[in-house]
Every structure is written in C-alpha cells, then in structure tokens.
Amino acid sequence: MAATVTAVAAAVVAGVLAPATASAAPRPDAVQQRLDALVQKDGVPAALATVKGRDGRTRTYTAGVGDAATKAKVPVDGQVRIGSNTKAFTAVVVLQLVAEGKVGLDANVDTYLPGLLRGDGIDGRNITVHQLLQHTSGLPDYVDKAGALSDPKRYLEPRELLDAALAHKAHFAPGAQWEYSNTNYLLAGMIIQKVTGRPIGEEITKRVIDRIGLRHTYFPVPGDMTIHEAHPKGYQRAADGSLRDYTELDPSWGWAAGAMVSTNTDLTRFYDALLAGRLLPAAQLAQMRTTVAAEPAGPGVRYGLGLMSRPLSCGGLSWGHGGGIPGYATFGGSTDDGRSVNIAVTTIPGDADTDKHVDQAVDEALCR
C-alpha cells in the first residue's frame, strides 16, 4: 500500500494575437493533459484531480469514464477509497493522544496491548509506538493481496489480520531499518481503541474529520461496503485484460491502515490543515515530520510518522502519503506554502511506469 498542491493555471489565453480575423486559442491545461494521458496511454479507466495553486484557487479535473459499462461521466471531485492515506489520519490521532499524555511515543507496544504481540523474533516489549508509526518495527505485513482480490467482500477482524502477520517471522530487529508494513498501523489502531475505549472510526471522525470540516470523508463502519456519495467505479484488470469491478468491497482488511473514503478536495484540505498546525501541537507536528530514508517508496522519499516527504523538481518538498486499495489509487501532497494536489485513478496501476506518470503529474502541478 504505500505522497501536495500546485500552482497550476487554468486555461490561459494565448499571449500573441493572430491577425484580426483569428481569435486567441486557449493553451491546453497541463494537469488536464496529464490526466488525459493517464487514460489514453496508461489505460486507467478514470482519473480525477484537485489542485490548489500559488494563487490560492482550487481547481478540479476529470478524465475518462466513471462507469466502464455505461460510459457515464466521471463525477467532479467524486468520492474514492483512499487506501493508505488512512495511515496519516491514524497517526494524527496517536500523536494527539501523545500530546494529551495518554500515549508515549517511546513506550513499548506491551504498555497498551500486554502480551498481544508475540511471534518468531517478535516481542511487543521491544517495539515502540514510534517504530510502528515510522515503519521501523521489523513486523511482517499481514496483507494477502491475492486474497483481497479473490474475496473482496470478506469481513476480517483486526485480530485475524494480526494473526496472519504473526504467522511469519520478524523481518529485522526493531529500529534496524525502514520497511513498509500495514501491520504497524493495525497495531496503532488497536492502541487507539485500547486507550480511548472507542472505535477508531469514531476517534478519527471526532478528532480529525469533524474538527476541520471534511464533509465528504468517512471511516466505514463494519459491514459497510458502499461508497456513499457520487463516485467513479473502481476496477482492476483480470489476467485476460478485462476490467473487474471492485467498487463495492469490505475495507475491513485495510482498517486503520487503509479503510477510509474521501475526495481529492477533502484530502488536500486535510494535508493543508495538518501542515498548518490545525490538528497537532507544534511538538507533535515536528515529530511527525522527522523522517528516515524510505527509498523503496521512490527516489528521495523519506518517511516520518504517517507522513511522507518527496523532493520536488523545482526545489523543496511535498508532504503527503498516497494509497492504493483494489479499485483506486491516490497520489499527491502539499507544500508548506499552501500548494496542494491530489490525483486519484480508478485502478491500482499494474506497472511502475503508470505510477511514475502520476508522480510526474503531481510534481508538475506543484511546480508550475
């Protein structure tokens, strides 16, 4: 599962007039061109984007079709499953609890979940909350990608997911290196529930969604397999090249690591609010932004606590996360000076080139 908004001008009038009989033609919009290419050249069914530029204006874009069968239009700023962007929401709640003195970043997992985390080379007494949030715990991933694709409507309890992870041995000693593992955020979610006594979805709603007014974002309740508002359908390609509809699925296997639904615009608002200090005290935001190298996620990428930084071609960094879940993938980030972009495509790309093309679209949007 494993990324910030730009100053992209909307259609700009060409600066040089032809003879009086000719009219000025609009210059093609760079973001729209990128989205069109993702559909026409990379084969994604649909692409959606929200961009907030240096001028503070927010623009939305669509390309492709919202329904491959009916060829219906893509809903403007439609809801999508946001996959691992959920981790940023989960990390914010943990860090709010740190600020409240209810969780210690350097405390071990056993402090909150005594005796739960035991396995081959795995001991919750030796893994800290900080290591969970930064993916330096060495815990194996619980995700069964083939299982998620073959049985997308199966409900899974968090404990079942943890048992699946604990069937494998540790990948390395805690703190020795960085490796992305959804198991880390499974445990972070379990710690939130243990400390607050409330479901993680309720805590995320109260502490993040309602606090900054994300009107189109939610954490699905158990058994909810639908997307509530206007949305493009999500697909994955089968071995024969046909599209399989994954719009309705049970996101319980993603849970605290990847279950949420949102829109591109709400995601840009979330990351903007986070970077502006509206969700965390300065000390916790600084901890969130303290990073380690995470090169497997891309050149120059670094990982903080539920937050990734990427170098921009124009200098500086974008901050965000990104995510994928069957049917949808999201890419984007925000800058410290208020530029933001989020792009969603209605499939998890099956090749590195498509991922690269979306990352390039994000970078170009932020750097114009």
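A polar contact is here a pair of N or O atoms within 3.5 Å; within protein, one atom must be able to donate a hydrogen and the other to accept it. The model is a predicted one.

**First stop: T247**

Select T247, in the loop between β9 (243-245) and α8 (255-258). Its side chain makes a polar contact with the side chain of D245, at 2.5 Å. Is T247 buried or exposed? With a relative accessible area of 6%, T247 is buried, since the cut-off for that class is under 20%. To display its surroundings, select R81, M225, I227, H231, K233, G234 and Y328, with which T247 is in contact when neighbours within four places in sequence are left aside. For an orientation across the model, draw a C-alpha to C-alpha distance from T247 to L274: the two residues are 27 apart in sequence and 29 Å apart in space.

**Second stop: T86**

Move to helix α2 (residues 85-99) and select T86. The relative accessible area of T86 is 0%, and the residue is buried. Which backbone oxygen lies 2.8 Å from a polar atom of the T86 side chain? That oxygen belongs to G83. The side chain of T86 also reaches the backbone nitrogen of A259, at 3.4 Å. Beyond neighbours within four places in sequence, the contacts of T86 include F219, W255 and M260.

Side chains of opposite charge can pair when their charged atoms come close. The structure holds 19 salt bridges. Select D272 and K52, which form one with their closest N and O atoms 2.9 Å apart. D272 lies in helix α9 (residues 264-275) and K52 in strand β3 (residues 46-52), so the pair ties together parts that are 220 residues apart in sequence. D272 counts as buried at 16% relative accessibility, whereas K52, at 22%, counts as partly exposed.

Next, select D123 and R125, whose salt bridge has its closest N and O atoms 2.7 Å apart. D123 is buried, with a relative accessible area of 17%.

Select E100, K102, R198, E202, E203, K206 and R207, which are linked in a network of salt bridges. Within this selection, focus on R198 and E203, whose side chains meet at 2.5 Å, N to O. R198 is partly exposed, with a relative accessible area of 31%, while E203 counts as buried at 1% relative accessibility.

Technical notes:
Residues are numbered from 1 along each chain as its sequence is written. This is a predicted model: local features need pLDDT of at least 70, side-chain atom pairs count only at pLDDT 80 or more; totals for chains, interfaces and linings use all residues. Side-chain values use heavy atoms; hydrogens and water are left out. Helices (H or I, at least four residues) and strands (E, at least two) are DSSP runs, numbered from the N terminus. Buried means under 20% relative accessible area, exposed over 50%, partly exposed in between (1.4 Å probe, protein chains only). Contact means heavy atoms within 4.5 Å. A salt bridge is a side-chain nitrogen of Lys or Arg within 4 Å of a carboxyl oxygen of Asp or Glu.
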